[in-house]
Amino acid sequence: QVQLVESGGGLVQAGGSLRLSCATSGRTFNNYNMGWFRQAPGRERDFVAAINWSGGTTNYADSVKGRFTISRDNARNMVYLQMNTLKPEDTAEYYCAAERIYRRDDVSRSRSSYDTWGTGTQVTVSS
């Protein structure tokens, strides 16, 4: 079990970049897959990207593939989401999450697979 705190959100013009950070606590952080989700007002919380416990497997939503990159630094207990070529459609509250399953090689795109969530960081992309 880990605790998560997101940071790095803000206001950016379309075409710009932001890097979100997720600081984690817990001695077993390296054993769990991690994901990023986002939620716009009045919409569902949707999958964005995920990375497995070792960092060797990643997965992305089609809407962000080629623009966003998820990474992790287990030595520093950090997960990142580099967001490039941002679009107004990317505007949302972004959440970091940890999977509930220990050392699972595959990653999940489903919210129900994640049992620990941060409180979110707002990303606003102006047109």
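A word on the source. This is a predicted model, in which local features need pLDDT of at least 70 and side-chain atom pairs count only at pLDDT 80 or more, while totals for chains, interfaces and linings use all residues. Residues are numbered from 1 along each chain as its sequence is written, and side-chain values use heavy atoms, with hydrogens and water left out.

First, the whole chain. The protein chain has zero helices and eleven strands. Both terms refer to DSSP runs numbered from the N terminus: H or I over at least four residues for helices, E over at least two for strands. The radius of gyration, taken over C-alpha atoms, is 13 Å, close to the 14 Å from the globule rule for 127 residues, so the protein chain is as compact as a globular protein of that length. That rule is 2.2 Å times the number of residues to the power 0.38. Along its principal axes the C-alpha trace spans about 40 × 25 × 25 Å.

How much of the chain is buried? Of the 127 residues, 47% are, where buried means under 20% relative accessible area, exposed over 50% and partly exposed in between, with a 1.4 Å probe and protein chains only.

Contacts next, meaning heavy atoms within 4.5 Å. Among those with a separation of 6 or more, 61% join residues 24 or more positions apart.

Now the sheet. Four strands form an open, antiparallel sheet in the order S1-S3-S8-S7; strands pair if DSSP finds at least two bridges between them. S7 is joined to S8, residues 78–83, by six bridges, and Ile70 has Leu81 in S8 as its bridge partner.

Last, strand S11, residues 121–126. In a regular strand the side chains alternate between the two faces of the sheet. In S11, Thr121, Val123 and Val125 form the covered face, and Gln122, Thr124 and Ser126 the uncovered one. S2, residues 10–13, pairs with S11 in the parallel sense over four bridges, with Gln13 opposite Ser126. S9, residues 92–102, pairs with S11 in the antiparallel sense over three bridges, and there Tyr94 stands opposite Thr121.
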